[in-house]
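These are my notebook entries on one structure. I set down what I looked up, entry by entry.

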Amino acid sequence: MKRAKPRVIGTEMVEVRRSSRVASLPAPVYKEIVVYERVTLPKSGRKYSYSRKDLGNRVYASDEARYWATTKAEELEANLEGGYPSFVKPMLQSHVTGGFWLGLPNHFCRKNLPRNDATVTLIDEEGDEVPTVYLARKAGLSGGWRGFSISHELVDGDALVFQLIERTVFKVYIIRCKGYDEEGEKDEDMEA
C-alpha cells in the first residue's frame, strides 16, 4: 500500500535552541570563504605599439623553422652553466599575439616556483628586467608577459630558454626562427 504524504498546512520559522553559554554570541556562519591575493605590477613608463588590427598580419613559422629554433634552444640549454633549472619553450601564436598568455611546464612550476601568485622577473640577454605576474594555480605568466613579448618582437616559431637564476627571477635567451632562413641561405651559397 502506498503511503500518503502528510499535508503541510503552514511552516513557521523557529529560533534554533542554543545553550545558554553561546546564546549571546552571534550565530555561526558555515560558509567557506576563499580569498586570493591579487598580484599587481608597478606601472612602467613603457608604451607598446600593438593593436588588435595587427592580428591580421600574423606570421606563421614553418615546421622546419620551428624545429630548427627549438633544436638550437635545446643545444643552448645543454651548454648553460651554473646548475640552475631551465626549460625550453617554443613560441606559439597565443604566446605572442592576441591573448599573450604563456603557460609554463607544470612539473617545473611545482618543483621550482612559489606555490602562490607572485611577481616573476624576466631578464633578457642585454640585462633588461621585465616584471610579470606568475599565476600559480594556472602555472603561467600573465601580466607583463605581453610587454616582454612585444618589446622583444617575438614571433611564432621563436624558441626561448628560461633559466631560473633566483626563486622568482628567470634569465631568458631568445632563439629566432628567422635564423633558420638566414642559415639556409648560407648553406645554399656554400653549395654554389
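I took two strands as paired if DSSP finds at least two bridges between them. Helices (H or I, at least four residues) and strands (E, at least two) are DSSP runs, numbered from the N terminus. The model is predicted, so I noted the limits: local features need pLDDT of at least 70, side-chain atom pairs count only at pLDDT 80 or more, and totals for chains, interfaces and linings use all residues. Residues are numbered from 1 along each chain as its sequence is written, and side-chain values use heavy atoms, with hydrogens and water left out.

**Entry: the sheet**

I looked up the strand order and found an open sheet of seven strands, E1-E6-E7-E3-E4-E5-E2, with mixed pairing. Strand E1 (86–90) and strand E2 (102–103) stand at the edges with a single partner strand each, so one side of each has no neighbour in the sheet. I then checked E3 and E7, which pair in the parallel sense over three bridges. Leu 122 stands opposite Phe 170 in E7.

I next looked for a helix on the sheet. Helix H1 (residues 63–79) lies across E1, E6 and E7 and runs at about 170° to E1. For this angle, axes are lines fitted to C-alpha atoms, for helices over the stretch in contact, and angles run from 0 to 180 degrees between N-to-C directions. Contact means heavy atoms within 4.5 Å.

**Entry: the cores**

I used the term nonpolar core for a set of buried Ala, Val, Leu, Ile, Met, Phe, Trp, Tyr and Cys residues joined through side-chain atoms within 4.5 Å. Buried means under 20% relative accessible area, exposed over 50%, and partly exposed in between (1.4 Å probe, protein chains only).

Which residues have the most contacts inside the largest nonpolar core? They are Trp 145, Leu 160, Phe 162 and Phe 170, in a core of 26 residues. Among the elements that give two or more residues to this core are helix H3 (106–112), helix H4 (145–151) and strand E6 (159–166). Another core, of 10 residues, lies apart from it and includes Ala 65, Trp 68, Ala 69 and Ile 175.

**Entry: the aromatic rings**

I counted rings of Phe, Tyr and Trp (its six-membered ring) as a pair if their centres lie within 6.5 Å; planes under 30 degrees apart count as stacked, over 60 as edge-to-face and the rest as tilted. The structure holds six aromatic pairs. The rings of Phe 87 and Phe 108 are edge-to-face, because their centres are 4.7 Å apart and their planes stand at 65°. This pair links distant parts of the chain, with Phe 87 in strand E1 and Phe 108 in helix H3, 21 residues apart. Phe 87 and Phe 162 are stacked, at 5.1 Å centre to centre and 10° between the planes. Phe 87 lies in strand E1 and Phe 162 in strand E6, so this pair ties together parts 75 residues apart in sequence.

I also looked up burial. Phe 87 is buried at 6% relative accessibility, Phe 108 at 5% and Phe 162 at 0%. Ring pairs link Phe 87, Phe 108, Phe 162 and Phe 170 into a cluster.

**Entry: cysteines and one arginine**

I searched for disulfides (a pair of cysteine sulfur atoms within 2.5 Å). The whole structure has zero. Cys 109 is buried at 4% relative accessible area, and Cys 177 is buried at 9%.

Is Arg 110 buried or exposed? Arg 110 is exposed, with a relative accessible area of 58%, and lies in helix H3.
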